[in-house]
Amino acid sequence: QLNNDGEIDTNKLDLFHSRFALMDRQVIEQRVLSKFGKQSNSQIRNGQILIATQVVEQSLDLDFDIMISDLAPIDLLIQRVGRQQRHCRTLAGDISTDKLEHREPPVFYILSPDPNQVEDKNWLVKLIPGTAYVYPNIGQLWLGIRKLEQQGGFSMPEDARALIEAVYGEQTDDIPAALEQASLEAEAEQKAQRNMGKFNLLRLSMGYSYKSAAHNGGWTEDVNLPTRLGDETSEIAL
């Protein structure tokens with residue numbers, strides 16, 4: 001859609017996600033760092049737009065003027081907003097020599113359905129179905145956006161504990177009934193995954209062999225021990 005927007009220079013539009021071939025991903029990562037990293041200047045940054053997945057949340061020192069995010073777990077939203085106005089700049093976008101921030105106070109835009117209008121279990125699916133698939137614990141998403149709406153904003157690191165506890169703390173019994181079943185199913189899946197992780201543990205004292213399995217049956221050649229959770233995938237090189 002942005003490619004077809006007559007007001008956007010498509011030469012200043014980038015897409016960054018983890019599914020690129022490794023060599024292509026490295027090239028894109030370096031390009032993103034040059035445009036949005038600490039050393040970028042006003043001339044480079046002007047008009048640049050990046051569409052990205054969770055790959056920008058961690059390990060990359062990026063500095064965006066404006067951020068728009070789909071709803072996500074509160075801890076991931078905190079990670080993302082840490083890439084907004086990360087370094088002090090002038091109003092034009094150059095690194096400020098006085099080490100003060102001259103840009104307007106940051107606004108973090110979050111695409112989310114209204115937490116006060118939960119009609120059924122499809123509260124999130126109707127607006128952003130991909131988010132509901134990636135983060136199936138809808139109740140936690142609801143708790144997070146409700147807390148942000150109640151506060152009207154937040155500051156880091158002062159508000160970090162309050163935000164996290166509002167979602168993952170013990171006082172989370174007020175999830176709407178329409179969303180409760182989806183949250184219970186997500187929690188059950190997490191427990192099953194945790195138990196599978198324990199089942200696949202190896203006992204280092206036994207060495208790296210079939211005898212080192214934490215379960216009594218031991219490992220055999222027929223046992224598949226995945227190192228990542230999720231559905232099985234196949235990589236195909238065209």
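Helices, as counted here, are DSSP runs of H or I with at least four residues, and strands are runs of E with at least two, numbered from the N terminus. On that basis, the chain of this predicted model contains seven helices and four strands. Read from the N terminus, the elements follow the order β-α-α-β-β-α-β-α-α-α-α.

**Overall dimensions and surface**

The C-alpha trace of the chain spans about 65 × 45 × 40 Å along its principal axes. Of the 238 residues in the chain, 31% are buried. Among contacts in the chain with a separation of 6 or more, 52% are made by residues 24 or more positions apart.

**Nonpolar core**

The largest nonpolar core comprises 34 residues, and the residues with the most contacts inside this core are Phe16, Leu71, Trp123 and Leu124. Helices α1 (22–36), α3 (74–81), α5 (138–151) and α6 (160–168) each supply at least two residues of this core. Helix α5 gives the largest share, six residues.

The surroundings of Trp123 can be described in detail. Leaving aside residues up to four places away in sequence, Trp123 touches Leu71, Ser112, Pro113, Asp114, Pro115, Gln117, Val118, Ile138, Trp142, Ile145 and Leu179. One of these partners, Leu71, is also listed with Trp123 among the residues with the most contacts inside the core.

**Aromatic pair**

A pair of aromatic rings is described by the distance of the centres and the angle of the planes. The chain has one aromatic pair by the rule applied. The ring centres of Phe36 and Phe64 are 5.0 Å apart and the ring planes stand at 50°, so the pair is classed as tilted. Because Phe36 belongs to helix α1 and Phe64 to the loop between β2 (49–52) and β3 (67–70), the pair ties together parts that are 28 residues apart in sequence. Both partners are buried: Phe36 has a relative accessible area of 6%, and Phe64 has a relative accessibility of 10%.

**Local backbone features**

Two residues other than glycine have a positive phi, Gln85 and Lys99. Gln85 is in the loop between α3 and β4 (108–111), and Lys99 is likewise in the loop between α3 and β4. Their values are set out below.

| Residue | Phi | Relative accessibility | Class |
|---|---|---|---|
| Gln85 | about 50° | 15% | buried |
| Lys99 | near 60° | 69% | exposed |

The classes follow from the cut-offs, because buried means under 20% relative accessible area and exposed means over 50%. Gln85, at 15%, therefore counts as buried, whereas Lys99, at 69%, counts as exposed.

A cis peptide bond joins Met156 and Pro157, with omega at about 5°. Pro157 is located in the loop between α5 and α6.

Gly130 is placed in helix α4 (residues 129–134). With a relative accessibility of 45%, Gly130 counts as partly exposed. The C-alpha atom of Gly130 is separated by 9.5 Å from the C-alpha atom of Asp70, a residue 60 residues apart from Gly130 along the chain.

Conventions:
Residues are numbered from 1 along each chain as its sequence is written. This is a predicted model: local features need pLDDT of at least 70, side-chain atom pairs count only at pLDDT 80 or more; totals for chains, interfaces and linings use all residues. Side-chain values use heavy atoms; hydrogens and water are left out. Buried means under 20% relative accessible area, exposed over 50%, partly exposed in between (1.4 Å probe, protein chains only). Contact means heavy atoms within 4.5 Å. A nonpolar core is a set of buried Ala, Val, Leu, Ile, Met, Phe, Trp, Tyr and Cys residues joined through side-chain atoms within 4.5 Å. Rings of Phe, Tyr and Trp (its six-membered ring) pair if their centres lie within 6.5 Å; planes under 30 degrees apart count as stacked, over 60 as edge-to-face and the rest as tilted.
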